[in-house]
Amino acid sequence: MSAALTLDQARRIALSAQGLASARPTSLVTARQVGRTFDRLQLIQIDSVNVLIRSHYLPLFSRLGDYDVDIVHRLAGRSPRRMVEYWAHEASYIRPRHFEDLRLWQKRAWVGAHRMETAERQELARRILAVLESSRPLTARQVSARLGHDDACPKTNWGWNWNAVKRVLEDLFEQGEISAAGRTAQFERLYSPTRKVLPAGFNANGAPDPDEAMLRLIEAASSAHGIGTIRCFADYFRVGVRPATAAVEELVRQSILKPVTVRGWDRPVFRHVEAKLPRKASGRALLSPFDSLVFERRRLQELFNFHYRIEIYTPPAKRKYGYYVLPFLLRDRLVARVDLKADRGRGKLLVRGSFAEPAAPADTAVELAAELWTMAAWLGLADVVVEPRGDLAAPLAAAVEPALIRRQGTLNRAGT
């Protein structure tokens with residue numbers, strides 16, 4: 001007989017699994033804490049948009065608070081690496097242990113050179129691999145220069161105006177032949193042969209069995225989610241629902257997943273055997289638009305009654321909430337959303353729009369104001385400015401001001 005859970009209990013399980021159910025540490029955040037948090041999440045999606053801060057830094061801030069982002073660079077750029085880049089939910093940092101499993105199940109040929117003639121692609125790939133084998137990690141521009149290849153691309157070219165070298169590089173990246181050894185300050189990948197990037201012996205046993213690979217991926221996804229449906233688990237690493245279904249059935253047979261029922265959730269639901277159910281959730285966090293808690297929109301709607309859409313690619317006139325909108329988690333509810341921008345030139349965190357969810361608790365504005373100041377301090381910004389857009393703007397602006405006055409008073413007393 002399946003255990004019966006309330007929706008509140010399911011939410012707390014999900015938040016606990018994602019490291020969002022409790023208050024963040026108040027002491028200095030260490031590299032070990034960052035590494036453990038990343039291991040818990042299994043992956044962090046990478047995105048280039050930098051209107052606030054690059055998105056892959058935000059999930060760790062949401063769970064740990066003020067931390068040094070250089071830790072991410074060290075974990076991803078120094079041997080032995082704890083984080084490597086590959087295709088997962090989307091382009092992501094993943095744990096090295098999942099690289100070969102994802103290489104079997106991820107098929108993103110459209111990102112590379114599939115439209116090129118086979119002979120041309122193979123010859124260019126051979127030359128690129130020869131360059132990378134005998135050099136330090138290189139960007140696409142540097143590889144192009146070494147090959148004497150014109151880096152200019154016509155605007156009509158497919159693939160984000162990539163030239164042939166970049167397209168073949170991405171094709172080799174998708175195949176797993178090369179990997180990203182790091183990123184430049186301009187966010188360009190530094191390509192290198194995979195054997196130079198992943199920890200020694202990562203492929204000592206050859207290619208894994210596909211069924212066993214899928215089993216490991218779904219077990220990792222269900223551990224990160226804590227509770228969910230087959231679709232939830234499949235979406236975490238963006239693998240097929242059919243093979244994920246077989247993996248879930250096997251994990252149930254192994255008693256790693258337990259069937260449960262959740263009131264109001266009309267699909268089969270499974271709970272990971274190690275998923276904890278805290279008595280309450282006391283966390284508070286602003287979440288990246290690409291946070292793993294909000295990956296699967298149907299799950300988000302069913303668990304939190306929160307409809308979310310990223311409007312970056314929506315024409316400005318048609319946006320409902322804004323360009324870069326972060327959900328605000330307070331205890332066990334998503335209670336608001338804010339459109340944020342870091343104005344680094346003026347040292348201000350701009351709240352371009354702020355919107356409360358129906359039935360948001362009375363302390364939403366005060367708690368959100370505190371969170372905005374925490375984020376501003378982490379980003380090195382001296383001020384929080386709430387613009388008058390959205391139904392939460394007025395109370396949020398009022399809540400932000402006392403914090404500003406206290407902050408200025410402290411600085412004045414310190415003689416700064």
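A charge is said to sit over a ring if NZ of Lys or CZ of Arg is within 6 Å of the ring centre and within 35 degrees of the ring normal. By this criterion, the charged end of Arg337 sits over the ring of Phe306, 4.1 Å from its centre. The charged end of Arg24 likewise sits over the ring of Phe61, at 5.3 Å from the centre of that ring.

The model is predicted: local features need pLDDT of at least 70, side-chain atom pairs count only at pLDDT 80 or more, and totals for chains, interfaces and linings use all residues. Residues are numbered from 1 along each chain as its sequence is written, and side-chain values use heavy atoms, with hydrogens and water left out.

Rings of Phe, Tyr and Trp (its six-membered ring) pair if their centres lie within 6.5 Å; planes under 30 degrees apart count as stacked, over 60 as edge-to-face and the rest as tilted. Across the whole structure, a search finds 8 aromatic pairs. Among them, Tyr67 and Trp378 are stacked, because their ring centres are 5.7 Å apart and their planes meet at 25°. Tyr67 belongs to the loop between helix 3 (58–64) and helix 4 (70–77), and Trp378 to helix 14 (residues 364–379), so this pair ties together parts that are 311 residues apart in sequence. Helices here are DSSP runs (H or I, at least four residues), numbered from the N terminus. Ring pairs also link Phe61 with Tyr67 and Trp378 into a cluster.

Phe306 and Tyr308 form a tilted pair, 6.0 Å centre to centre with 40° between the planes.

Buried means under 20% relative accessible area (1.4 Å probe, protein chains only).

| Residue | Relative accessible area | Class |
|---|---|---|
| Tyr67 | 4% | buried |
| Trp378 | 10% | buried |
| Phe306 | 0% | buried |
| Tyr308 | 5% | buried |

Key: Helix = DSSP H or I, 4+ residues; strand = E, 2+ residues; numbered from the N terminus. Buried < 20%, exposed > 50% of the residue type's maximum accessible area, 1.4 Å probe, protein only.
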